Amino acid sequence: MSIEDRAAATAKNIEGKIQEAVSEVTGDPKDKVEGQVKQEQAANMHAKEDVKDGVKNFIDKA
């Protein structure tokens, strides 16, 4: 598990949430979509880290 990668994913998720919230105020649909995309990218980054953790745990138990 890489703490740096998890932190980057969390930061991207927060950035996406803020961008999506700002789009609600400004009414800019492009910002809303970009914010949602960033949140999806963050979820994918977390999923990748989960897989890496699972593999590491499996190897450690072997």
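## Two helices side by side

Helix 1 and helix 2 are roughly antiparallel to each other, a label used for angles over 145 degrees, while angles under 35 count as roughly parallel, 65 to 115 as roughly perpendicular and the rest as oblique. This is a predicted model, in which local features need pLDDT of at least 70, side-chain atom pairs count only at pLDDT 80 or more, and totals for chains, interfaces and linings use all residues. Residues are numbered from 1 along each chain as its sequence is written, and side-chain values use heavy atoms, with hydrogens and water left out.

Let us look at the pair first. Two packed helices are described by the angle between their axes and the distance between the axes. Here helix 1 covers residues 3-26 and helix 2 covers residues 29-61; they pack at an angle of about 160°, and their axes are 7 Å apart. The axes are lines fitted to C-alpha atoms over the stretch in contact, with angles running from 0 to 180 degrees between N-to-C directions. In the contact of helix 1 with helix 2, the residues divide into 15 charged, 10 polar and 4 nonpolar. Charged means Asp, Glu, Lys and Arg; nonpolar means Ala, Val, Leu, Ile, Met, Phe, Trp, Tyr, Cys and Pro; the others, Gly among them, are polar.

Now for the whole chain. It has 2 helices and 0 strands, both read as DSSP runs numbered from the N terminus (helices: H or I, at least four residues; strands: E, at least two). The radius of gyration of the chain is 15 Å, well over the 11 Å that the globule rule gives for 62 residues, so the chain is more spread out than a compact globule. That radius is taken over C-alpha atoms, and the rule is 2.2 Å times the number of residues to the power 0.38. The C-alpha trace spans about 55 × 15 × 10 Å along its principal axes.

| Residue | Exposure | Relative accessible area |
|---|---|---|
| Pro29 | exposed | 59% |

Pro29 lies in helix 2, and its C-alpha is 26 Å from that of His46, 17 residues away in sequence. Lys12 belongs to helix 1. Leaving aside residues up to four places away in sequence, Lys12 touches Lys38, Gln41, Ala42 and Met45, where a contact means heavy atoms within 4.5 Å.

Key
Buried < 20%, exposed > 50% of the residue type's maximum accessible area, 1.4 Å probe, protein only.
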